[in-house]
Amino acid sequence: MSRPAPGSHATDSHATYAKKALERWVSEHPGRPGCVGTDGVGLTWKEIAASTHALADRLQRAGAGAGDRVALMAGRSRYALSSLLAIWANGSSAVLLDERHPAERLRWIVADAGCKVLVSSEPDAAALGLELVETHGSETAGAGLPSGGPDWNGWADAGREPEAYVVYTSGTTGRPKGVRVGSTALGNLLANAESLGYRPGGRAVSVVSPGFDGWLWSVLTPFVNGVTCVALDPALGDLEQALSAQRIDHLCMTPSLYATLTGLPRAEVAVVAGERCPDSLADRLRTMADRVINVYGPTETTIAATMADTARGDDPRTIGRPLAGYTVTVVDADLNEVPPGVVGEILIGGAGVALGYAGTGAPGADRFVDRDGARHFRTGDLGVLGDDGRLGIRGRADNQVKVGGFRIELEELENIACEVPGIEGAVAYTRGEPATLAIGLQTSSGRALDDGLRTRLTAEFGARLPRQLRPTLMHRITGIPLEPTGKVARREVAALGEAEPPRPRGGTGPASRHGDGGRFGRQGDGGRAGQHGDGERFGQRAAQHGDGGRAAQHGDGGPAGQHSHSERAGQRSGAGPAGRRVGAGSPASGAGSPASASDDPVLDHVLDAWSGVFGHAVARDSDFFAIGGHSLLAAQLASRIEAELGLAVSIIDVLTARTPEALARRIDEARAA
């Protein structure tokens, strides 16, 4: 069982800390797997060290030097850790990317960050237009190293660079903004992560998008504790089976993802992060895990600033106490501390406060403030300090929300919508549980919110936002209602949205032929054949070659069955037999041909369930991913259909069928059997 280490605080740079950890695991457990990709193939600690040094050398030869920003797009592969370490060993700063995000968003990020070089395991990564450092085969490039291991002296000056990584989060302007995190801040986080005292040799899951800082927690916390990091893909479905097959005993997920799982493996540690943890979830986790940790921290405070840990007697329904090196204060509008029991804004100071935002004059820079001669970050989160010194969350003081653990400013949705000709105003809000996004739209000159306008809106959202952050409901409003304070009356708009009658089944809904705007993605929600060049090529090749072309095998010494898990991944990614990609004319094309009431009662029930979950009518051949579907909505769909028809329907049924018609056919076949 893992136990927290005695309180200690280190001020080493992130590169120095990472170097020491890698040296230790190579020395103590060279043949033990350290990082496993979603294809089930892993690298040992010795191979990770060889890959790190080979990639650092390739970075230098590509022209990336100390202080440069290097784009990283390998987070779901076995090269996730070595790619990150290589960037830091080179003295560079890592800019985190998720290959499944829209191509336009990725190109904008690398341009804004000033990246010239990209480290990636993705087959078509060159489409980003950067100098490419390929990860494939890097673990064998260091085969000629001395028997005593690699020469670590090359890392000597790497920690002197002030910036460790940049992660782009939602911004109020309609474009993401890059949060710059410093070397000392990340070194402080690594020291706190090591103090958790996880058992070396355990197996921890990584299910977080590699484009967000929660991914760093999922990769680095196991790393500094000698735990194997296993990447799993919730979008492929059957996450419960995958957790069991991979013998995962260290969990880390958002409350929304935990909520989709009916069964969880017995775990040594269950970490919950990214969203407020409901009391019922905290209670549930305590029944199946030896230890429960509730982690809180905005991106601007280096991933985690407070923690409630049952191993030290904390109540995981709270967010606990500050980590070493942090100060956390609950303040009023004038930054004066409020007494325990009084709600105020959470103000965070100390070693973990970020350097700021990339570029000059970035919106939100005024949230970094000076208080008592020290730099602090105004989180915008409302909290209350208990008499026992533990913090509780009470909501937000602004319009920032979280959906499935992803942070978004509602103004970002609104600004994107208002850039579409025909839209005069917009009000975004959340709906349902788990929460999804919706938006009320004021059209120009009172025109209808017709299919053509909906399609243009969907294309714009698809080109610029990750799938989880796109609205699942769009409805027309005649104006922007205001509260007496002059603020937008979002609750009133939400009520109008709930009262919106379902659209006729003949409509294609808010998504359709534009798919995901040319997403760099390898699963079935990525570019569809014949629609968007970048996404199509990426999806086709990745479905066949996994994370770099290497055939799936039992390389990490894990359980039998990993190979078949990789094969399933390829099938679910939209590839048919022998890797054939489903074409535009197939049910998976997302085209959404008109549908009317059918003579098939099962199909009618399925269509009604889809319409209820997505908030608008859908066609019988509407593609689940093309209209904004994700694993949380799949869970809602499965639950609705099962309750309506009295037949077990799983999340994987929804994700692999992908259209109402195909799902109805699958249900009919199950009944006949």
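Start with C35. C35 is buried, at 3% relative accessible area. Buried means under 20% relative accessible area, exposed over 50%, partly exposed in between, with a 1.4 Å probe and protein chains only.

A word on the source. This is a predicted model: local features need pLDDT of at least 70, side-chain atom pairs count only at pLDDT 80 or more, and totals for chains, interfaces and linings use all residues. Residues are numbered from 1 along each chain as its sequence is written, and side-chain values use heavy atoms, leaving out hydrogens and water.

C418 is partly exposed, at 33%.

Now the sheet. It is open, with three strands in the order β24-β25-β26 and mixed pairing. Helices (H or I, at least four residues) and strands (E, at least two) are DSSP runs, numbered from the N terminus. Two strands pair if DSSP finds at least two bridges between them.

β24 (423-431) and β26 (473-476) are the edges. Each has a single partner strand, so one side of each lacks a neighbour in the sheet. β25 (residues 436-443) runs parallel to β26, joined by four bridges. In one of them, A438 partners L473 of β26.

Last, the helix. α12 (residues 490-499) lies across β24, β25 and β26, at about 85° to β24. Axes are lines fitted to C-alpha atoms, for helices over the stretch in contact (heavy atoms within 4.5 Å). Angles run from 0 to 180 degrees between N-to-C directions.
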